[in-house]
Number of protein chains: 4
Amino acid sequence: MNILVLQGSSRDHGNTEELTNLALVGIPHTSIRLREKHIRPILDQRHEPGGFVDVEDEYDAVIEAVLAHDFLLFATPIYWYGMSGHMKNFVDRWSQSLRDKRYAFKEALGQKQAYVIATGGDQPHIKGLPLILQFQYIFEFVGMPFAGYIIGEGNKPGDILQDQRALSAAKLLNERLKAPLA
Amino acid sequence: MNILVLQGSSRDHGNTEELTNLALVGIPHTSIRLREKHIRPILDQRHEPGGFVDVEDEYDAVIEAVLAHDFLLFATPIYWYGMSGHMKNFVDRWSQSLRDKRYAFKEALGQKQAYVIATGGDQPHIKGLPLILQFQYIFEFVGMPFAGYIIGEGNKPGDILQDQRALSAAKLLNERLKAPLA
Amino acid sequence: MNILVLQGSSRDHGNTEELTNLALVGIPHTSIRLREKHIRPILDQRHEPGGFVDVEDEYDAVIEAVLAHDFLLFATPIYWYGMSGHMKNFVDRWSQSLRDKRYAFKEALGQKQAYVIATGGDQPHIKGLPLILQFQYIFEFVGMPFAGYIIGEGNKPGDILQDQRALSAAKLLNERLKAPLA
Amino acid sequence: MNILVLQGSSRDHGNTEELTNLALVGIPHTSIRLREKHIRPILDQRHEPGGFVDVEDEYDAVIEAVLAHDFLLFATPIYWYGMSGHMKNFVDRWSQSLRDKRYAFKEALGQKQAYVIATGGDQPHIKGLPLILQFQYIFEFVGMPFAGYIIGEGNKPGDILQDQRALSAAKLLNERLKAPLA
């Protein structure tokens, strides 16, 4: 099983990144920081006669990484009670990939597993739940099993190390991801 | 009462725009299409010693329009069970405005009212509910009363005209917004 | 199409009952006030060797009414942000009916439609949404299409008559239910 | 800190009870099985001239136990994506206690902490989230801090012992509850 982290954070060394790293200690994986990729917001052309026009940016390269991995870890800070705009822009573009004849995008996602790590500072275990429900609907739409999620609490860098519950969940995820390698 | 539409749609003449227009027939208002504004995703510098660095884009101009109006209508298609990336990028940047000494951003929002119009194609009356809860948390955080919302169902342009429930709610909103003008 | 109201309110002439009556003006229907039926809470015997033991109460009579109708209208006040205990006790017992050899309970429900009317006094359009999501999961589990819902706001008897939005939705439901009779 | 478990399960030795016991190993506490108490569903008399009429059942005795403890652990199986009818009937009656002149019910609850343990068999980590949001609204209404929750997965008795995530969370709760005793 090969693992791709889609990192939605907008800064280096934030709590989301730190929690993700703890979950993946000792496990080979690829990580893409979405903020470092040039990804344009969707231009909805689903109902245009010619369909979607090709966009010149780095979106397709990220999608090719998605297609090349089995386990997709969506790591995002909880910004304003949702995924970051970086990640939302990326996901919005899936509407384009669904219609892209080069890929059987939906079928491919259906063979993968999705996991979510989300951290936030304002009661994330309550106010992050609509985001988890949103991810569930997203994954359900593309037929990708939702393998689980971890919500972490933190605001300032390093806060996450005080969230015993999140650390313990990250450790269990680490063991689970290592198991198939054994 | 002056009204600002923050239009999150990524295309012209979509269902969200059409429903919004119906709600505002005969009512003076300003509308900003977020897709036509150059707004960069947030770069989280809340915990940097120097705080946020100024960003050269059109975000501040939109915020100044926000501050100049009393009734903010957040109009967004439901993309992947959330607000559009265009709108999310815009809202994410509020973290910067909260710390911008030129504005008393939170206090100002607390004097306004927020309303949401959201349309989607995949069971929006169910799968759009996490988005409504997210907006509630957003507005609660800044102390801005959530005056109501309309969820509309539609996929292809024009579909919204079949959603009697949404049309009727738009008509009631229209009457309510006209009332103070009388 | 014949219609059964499962009325979850605990008092006469409350807002839920009033809104339900408005939705059904001029439409023949059966209404069961769950509070007037003797329905015991579930005793979970799913994992007992002998399964569920018959219960001597009026639950089966209500289920037979359910099975005899096509359109089930679940009408409940929002008590403590959920359906009333009267209604919850009733729904909990479905676990027993699912295993009752006299009925093909799930298959039968899959042929019906479900509708929800819920009224409450504390921001029901926001704080009633988890209840709508719960109903969605319930109906999905038994394969019964969720035909729609109306949330009304009211506290004291008669308040509902001020909720233009709910009244307008009730009127649309009334037209929709009358249509097949034409 | 003294601890009261309000046990909403309808059977002995179910997963909810087992997970609760694991969380409380070695910690003195009182446990009330709501199914063993005679508690009538609410009769809503909030708007009757004479208010609520006294009810002859065991509800008041449970409320007196509630008032005598500091940490309230609401333990419920997830039945039909909500708390059990036993627990819902009990909570519905709080409307009566809020108006009971013998108690300053709301003020008293505001001094306590609430915790939720909920277990279910059908994707409880997703489909149990509306229940968590409901508990949040309940506790917020009475001003009682929501100290946390554990969702466990299990269907048949004993299943919960396979849910490493829930077991680990129960262990952390155990340590947290023991800490003030040290």
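Me: Contact means heavy atoms within 4.5 Å. In this predicted model, how many residues of chain B are in contact with chain A?

Reply: On that cut-off of 4.5 Å, 37 residues of chain B are in contact with 37 residues of chain A.

Me: What area is buried between chain B and chain A, and which atoms give part of it?

Reply: The size of an interface is often given as the accessible area lost when the parts come together. For chain B and chain A this buried area is about 3200 Å², and carbon and sulfur atoms give 62% of it.

Me: Why is the pair R11(A) and D44(B) called a salt bridge?

Reply: A side-chain nitrogen of Lys or Arg must lie within 4 Å of a carboxyl oxygen of Asp or Glu. The closest N and O atoms of R11(A) and D44(B) are 3.3 Å apart, and the pair therefore meets the cut-off of 4 Å. Between chain B and chain A there are 4 salt bridges.

Me: Which helices of chain B each supply at least two residues of the side that touches chain A?

Reply: They are α3 (85-92), α4 (94-97), α6 (124-127) and α7 (129-142) of chain B. The largest share of that side, 8 residues, belongs to α7(B). By class, the side of chain B that touches chain A holds 18 nonpolar, 10 polar and 9 charged residues.

Me: How do you know that chain B can be superposed on chain A?

Reply: A rotation of 180°, with a shift of 0.0 Å along its axis, superposes chain B on chain A with an RMSD of 0.0 Å. In chain B, the C-alpha nearest the axis belongs to P130(B), at 2.3 Å from it. The same surface serves both copies, since 100% of the contact residues of chain B recur in chain A.

Me: What is found between chain D and chain C, in residues in contact and in buried area?

Reply: Here 37 residues of chain D are in contact with 37 residues of chain C. The two chains bury about 3200 Å² between them, with 62% of it on carbon and sulfur atoms. W80(D), Y81(D) and Y137(D) are the residues of chain D that lose the most area to chain C, together 26% of what that side buries.

Me: What makes E140(C) and K127(D) a salt bridge?

Reply: The closest N and O atoms of E140(C) and K127(D) are 3.7 Å apart. The cut-off is 4 Å, and so the pair qualifies as a salt bridge. Across the interface of chain D and chain C, the rule finds 4 salt bridges.

Me: How many residue pairs are in polar contact between chain D and chain C, and which helix gives the largest share of the side of chain D?

Reply: There are 22 residue pairs in polar contact between chain D and chain C, both residues being at pLDDT 80 or more. The largest share of the side of chain D that touches chain C comes from α7(D), with 8 residues. That side divides into 18 nonpolar, 10 polar and 9 charged residues.

Methods:
Residues are numbered from 1 along each chain as its sequence is written. Chains are lettered from A and ligands numbered from 1 in the order in which they are written. This is a predicted model: local features need pLDDT of at least 70, side-chain atom pairs count only at pLDDT 80 or more; totals for chains, interfaces and linings use all residues. Side-chain values use heavy atoms; hydrogens and water are left out. Buried area is the accessible area (1.4 Å probe) that two parts lose on being put together, summed over both. A polar contact is a pair of N or O atoms within 3.5 Å; within protein, one must be able to donate a hydrogen and the other to accept it, and residues adjacent in sequence count only if both atoms are side-chain atoms. Helices (H or I, at least four residues) and strands (E, at least two) are DSSP runs, numbered from the N terminus. Ala, Val, Leu, Ile, Met, Phe, Trp, Tyr, Cys and Pro count as nonpolar, Asp, Glu, Lys and Arg as charged, and the others, Gly among them, as polar. Copies are superposed by least squares on the C-alpha atoms of residues with pLDDT of at least 70 in both.
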